[in-house]
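Open your viewer, get ready to select residues one by one, and follow along.

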Amino acid sequence: MTVIEVVGAGFNSAGRGDGVARAPGALRRAGLVAAVAARHDVRDSGDVAFGEAVPERGASGLLAERALAAMVGGVRRKVAAALAGGAVPLLVGGDCPVLLGALAACRDVHGAAGLLFVDGHEDAWPPAASTTGEAADCELGLALGVTAAASLPSGVVPGPAPLLRAEATALLGPRDGADLLEHRVASLRGSLWFATDRELAGRVAESVADAAATVERSAPRWWLHVDLDVLATGELAAVDYPQPGGLTWAELTELTALALRRPGCTGWSLTIYNPDLDPDGRQGARIVRYVGEALPSR
Ligand SMILES: [Mn+2]
C-alpha cells in the first residue's frame, strides 16, 4: 500500500509571510490530510523551515534569495527522504520554486528527474528580466538551464546543471504566450513537449498519455507539478496572477488522476493557492475535494 507523505513548503517568493505562504496551513485546516486518508495511508511530515523571506532583490535579481536557497535545500531533504522510504510525496506550496527542491530530490533518489509541469505560465523568465523579481516567474527556466542568473546563491538550482533536461519535460496548460511576446521573453514552446490550455481542451487523456510517454523515454521516474493557476479564474479565483482562459476543475481532475496512475509518477506538488483571497475558505475546500478525487483509490 502506497503511503502518501504530505510535506508543506509555505514559501512565497515575493518575500512575504502571507498569501501563498499560508496555503499549507489553510489546506490542512480545510481537511487535506483527511481527504488523502480516505484513499491512502497518509503521513504528515510537517513544514519545511527556511528562515524569514525578505522582499529585497538580491544580486541575481530575485527577491528573498537566502530563504529561497534554504527552502530548496529543505524541500530536497524532506522529499528525498520520503521517496527513499517508498512514499509518494504530496508537496504543498507556497509557490512554484518549491519544485526545484522536488526535482533535486527526484534526481538524488532515481538518478534523473522528469517533469509534467501543469501551469498557466511557463515560468521561464530570466531573473533579471522578471518584472516582479519572484522566483516563481523563473524556476522552470533555471531548472532547464535555458536561463541563468549572475550570482545566484548556491543551492537555489542544485547542480550539476541542468537539473532537468528538456526532453524529460512536458508543459501542460500554459497560456501566457502573448505576455511573453510582449516582454520579449523567449517561450519554451518548440523546445519541449508543450500544449496550451486550448490545445488540451477535449483531448486531456491523449495529451497526458503522450506527454508522459515522451518524458518516460528520458526519465522513467518523473514529478507532477500542478500550479493551480492553470485553472480558469472562474473555477479558482484565489491566485495572485489570474489570466483569461484556463482549464475547468473537471479537466484538471482528469489530467491529474491520469498522471497519478502512471507508474512513472513519483510525487506531486500543488502550488499557488492564496488563502488570503479566500476569506470563507470555499476555494480551499474545493482544492481539497480535487485532491481526493484525483488520487487513485487504494
Ligand atoms: Mn507557476
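Is Arg-184 buried or exposed? Select Arg-184 to find out: its relative accessible area is 79%, so Arg-184 is exposed (exposed means over 50% relative accessible area, buried under 20%, and partly exposed in between, with a 1.4 Å probe and protein chains only).

Before you go on, note that this is a predicted model, in which local features need pLDDT of at least 70, side-chain atom pairs count only at pLDDT 80 or more, and totals for chains, interfaces and linings use all residues. Residues are numbered from 1 along each chain as its sequence is written, and side-chain values use heavy atoms, with hydrogens and water left out.

Stay with Arg-184 and look at its backbone: phi is positive, about 55°, although Arg-184 is not a glycine. Arg-184 sits in the loop between helix H6 (177–182) and strand E6 (193–195). Helices (H or I, at least four residues) and strands (E, at least two) are DSSP runs, numbered from the N terminus.

Next, select Ile-272, another residue other than glycine with a positive phi, here near 85°. You will find Ile-272 in the loop between strand E8 (265–271) and helix H10 (282–294). With 10% relative accessibility, Ile-272 counts as buried.

Now for the peptide bonds. Most residues other than glycine have a negative phi, and most peptide bonds are trans.

Select Gly-93 and Gly-94: a cis peptide bond joins them, with omega about 20°. Gly-94 belongs to the loop between strand E3 (88–93) and helix H4 (98–110).

Last stop: Ala-161 and Pro-162 are joined by a cis peptide bond, with omega about -10°. Pro-162 is in the loop between helix H5 (139–144) and strand E5 (169–172).
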